[in-house]
Amino acid sequence: MNRATMVTLLAIGLVLGGMAVSFIWFVATWDRDAEEPIVKQTPPEAVQTMEVA
């Protein structure tokens, strides 16, 4: 392999490695209780049932 190919592969490896480390850091430091839930459950009395004819 020539020098340009090696530099390109090294750059790709560094970017992918950085993404992996960033994701692991994000998951490891996640504080579940500090965030609002995205989906909230609907109370059973608010759910309307559909009748099938």
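Tutor: Before we start: accessible areas here come from the Shrake-Rupley method with a 1.4 Å probe. Keep in mind that this is a predicted model.

Student: Okay, what share of the protein chain's accessible surface belongs to carbon and sulfur atoms?
Tutor: Start with the total, which comes to about 5700 Å² for the protein chain. The part of that surface belonging to carbon and sulfur atoms is 65%.

Student: Is leucine 16 buried or exposed?
Tutor: Leucine 16 sits in helix α1. The cut-off for exposed is over 50%. Leucine 16 has a relative accessible area of 51%, so it is exposed.

Student: Which residue's side chain does the side chain of asparagine 2 make a polar contact with?
Tutor: Asparagine 2 is in the segment before α1. Its relative accessibility is 48%, so asparagine 2 counts as partly exposed. At 2.7 Å, the side-chain partner of asparagine 2 is threonine 5.

Student: Last one: which residues gather in the patch of negative charge on the surface?
Tutor: Take aspartate 31, in the segment after α1 (3-28). Aspartate 31 has 45% relative accessibility and therefore counts as partly exposed. Patch members need over 30% relative accessible area. The residues gathered in that negative patch are Asp31, Asp33, Glu35 and Glu36.

How values were computed
Residues numbered from 1 in each chain as written. Predicted model: local features only at pLDDT ≥ 70, side-chain atom pairs only at ≥ 80, totals over all residues. Heavy atoms only, no water. Patch = residues over 30% accessible without salt bridge, like charges linked within 9 Å, V, L, I, M, F, W, Y side chains within 5 Å. Salt bridge = Lys/Arg side-chain N within 4 Å of Asp/Glu carboxyl O. Lys, Arg positive; Asp, Glu negative; His and termini not counted. Charge placed at Lys NZ, Arg CZ, Asp CG, Glu CD. Helix = DSSP H or I, 4+ residues; strand = E, 2+ residues; numbered from the N terminus. Buried < 20%, exposed > 50% of the residue type's maximum accessible area, 1.4 Å probe, protein only. Polar contact = N/O pair within 3.5 Å; in protein donor to acceptor, adjacent residues only side chain to side chain.
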